Amino acid sequence: MKHTIKTITCIGAGYVGGPTMAVIAQKCPEIKVNVVDINPQRIAEWNDTDLDKLPIYEPGLKEVVKEARGRNLFFSTEVEACIREAEMIFISVNTPTKTYGVGKGMAADLKYVELSARQIARIAPEGKIVVEKSTLPVRTAQSIKTILEAEGNGNKFQVLSNPEFLAEGTAITDLHNPDRILIGGDQDEDGLAAIQALVDIYAHWVPREQIITTRLWSSELSKLTANAFLAQRISSINAISALCERTGADVDEIAHAIGADTRIGPKFLRSSVGFGGSCFQKDILNLVYLCRHFNLPEVADYWEGVVKMNDYQKHRFAKQIIDSLFNTVSGKKIAFLGWAFKKDTNDTRESAAIYVAKELLDDLAEIHIYDPKVKKEQIFRDLEYVYSQDPTQSFDPSVLQSLITIHEEPYQALENAHAIAILTEWDEFKTYDWQKIHTRMLKPAFVFDGRNILDASEMKKTGFEYRGIGKG
Ligand code: UDX
Ligand code: UDX
Ligand code: ADP
């Protein structure tokens, strides 16, 4: 059976659903694309006439929304009506790591996915193609299918897995020029027809040979595997950075030298204070949980090492700050440049900055934070969350208020600081007047460059006690 897709609805207007649907709408003007969310504020922001008020910051996103919104791209809270209207429904809701019960701290929390599937099953007037877009553990599609079949009033649904590989900060270019599109589905006649319907959508702008189709489970597991491999590269180079610091080698020289081997390749070898973001840790923990579930403890331990190394890297960075400042940061002003988990995004999920801040706060540091895109309320929410996850500490919000200051402007944050810690690689940090900053800091003026963005020899010449990552 050949499908004709006239309307698509995406449930979840977040970092994945929003930009992805905006690009589909841009590239497929004849298809109506609805993006729905239960959060009315988020939808209002997506609909704001002031495009600087979109709920997420991504270079190039404004332009795409401007082109498509109101033409064939619509944001609304009308979840049910939009489910009824569409032939194809994407599920792009959040799937955080479970914070309770079985699999706490490891398994993905599928409650939002399950709720969406039940809602589709209950109200869809006929069978639809349901596409899972969120990162999900292998065999989630089967759970979605089971729910749709059990609750779906006899309607026949097709479930596809279409993992998203975009990286935040480059979402729009990644969507416009993806390395590949991956679509998994059942291999029977109906399954293949559903796969074809989604292939036809992407084929509007992606060359056909870059659209890979697989079985359902292979597609689901590919997403977890891709993120596990990427994160593993970072943990691997970060492990070497620790050895470099002890032995006098330079991790960037090593990354360059090994990256020239085409079997290794040069990308994704930037040593840093640690990876963050909503995907890497969550997906690896998910993989670890799956392996334990299927009684593969050696495989589980292998991948868990990637997360442990990342925790170690964040801890090592915080400890280096405390050690260098004569074993205490109590009452000292530490300036943070950057809070987002990487540059060009306002997303802070799992950002290394949060964990470094927590360790310094435990030592009673006074932290002054500047990030060009992250809002003040978000920083406090992140810190409150990290305290809530620490069972050894009772949390007093007034302490946080007294130890944390958030700045709208960088130079004030840096004034009279004992040390500066660079947590995000925002380009603007490189353009600052570091000479001027040096004169306004307490001496010795420490800079801990968690992203290796500044020139070490220049910084030392200016008089800084400069410490990069993996610079012996
Ligand atoms: C990642 C995957 O790249 C993407 O394919 C998937 O769809 C979602 O997860 P994202 O988390 O948005 O994307 O950003 P990414 O560029 O992968 O960076 C993740 C973290 O790793 C960031 O904290 C980044 O600073 C860090 N990183 C990345 C490094 O420390 N070194 C590197 O060389 C690359
Ligand atoms: C290796 C390095 O490749 C080379 O750069 C270095 O100078 C010496 O060590 P070598 O051991 O000769 O070279 O062969 P290589 O092709 O790397 O294979 C090593 C082992 O890995 C072999 O047993 C090979 O069968 C295995 N292998 C390699 C796999 O199992 N899978 C692969 O994808 C690649
Ligand atoms: P991601 O990075 O995966 O896109 P986000 O948290 O940015 O995650 O976005 C997920 C969005 O899904 C949120 O805006 C949330 O309000 C929305 N959402 C969650 N559950 C539902 C639901 N049942 N119906 C509609 N929207 C939902």
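## Domain arrangement

The C-alpha centres of domain 1 and domain 2 are separated by 32 Å. In this predicted model, the chain is divided into domain 1, covering 7-206, and domain 2, covering 227-468.

Where the two domains touch, domain 1 contributes 16 residues and domain 2 contributes 16 residues. The side of domain 1 that touches domain 2 is made up of 10 nonpolar, four polar and two charged residues.

Ligand 1 lies between the two domains, because domain 1 (7-206) and domain 2 (227-468) both give residues to the shell around it. There are 19 residues around this ligand, and those that come nearest are R270, S272, F275, G277 and C279.

Sorted by class, the shell around ligand 1 holds 11 nonpolar residues, together with four polar and four charged ones. Helix 9, which spans residues 216-247, gives the most to this shell, with three residues.

## Packing of helix 9 and helix 10

Two packed helices are described by the angle between their axes and the distance between the axes. For helix 9 and helix 10 (residues 251-259), the axes come within 9 Å and cross at roughly 135°. Helix 9 is therefore oblique to helix 10. The crossing in which helix 9 passes helix 10 is right-handed.

On the side of helix 9, the contact is made by I237, I240, S241 and C244, while helix 10 supplies V251, I254 and A255. By class, the residues of this contact between helix 9 and helix 10 comprise six nonpolar and one polar, with no charged residue.

The residues around ligand 3 number 21, and G12, G14, Y15, V16 and N94 come nearest to the ligand. Helix 5, formed by residues 111-123, provides the largest share of this shell, namely three residues.

In terms of class, the shell around ligand 3 consists of 10 nonpolar, nine polar and two charged residues.

## Summary

Ligand 1 has residues of both domain 1 and domain 2 in its shell, and helix 5 gives three residues to the shell around ligand 3.

Terms used: Residues numbered from 1 in each chain as written. Chains lettered and ligands numbered in written order. Predicted model: local features only at pLDDT ≥ 70, side-chain atom pairs only at ≥ 80, totals over all residues. Near = placed C-beta within 6 Å. Helix = DSSP H or I, 4+ residues; strand = E, 2+ residues; numbered from the N terminus. Nonpolar A, V, L, I, M, F, W, Y, C, P; charged D, E, K, R; others polar. Domains from an automatic or database assignment. Axes fitted to C-alpha atoms, helices over the stretch in contact; angles between N-to-C directions. Parallel < 35°, antiparallel > 145°, perpendicular 65-115°, else oblique. Left-handed = near helix turned anticlockwise from the far one by under 90°. Contact = placed C-beta atoms within 7 Å.
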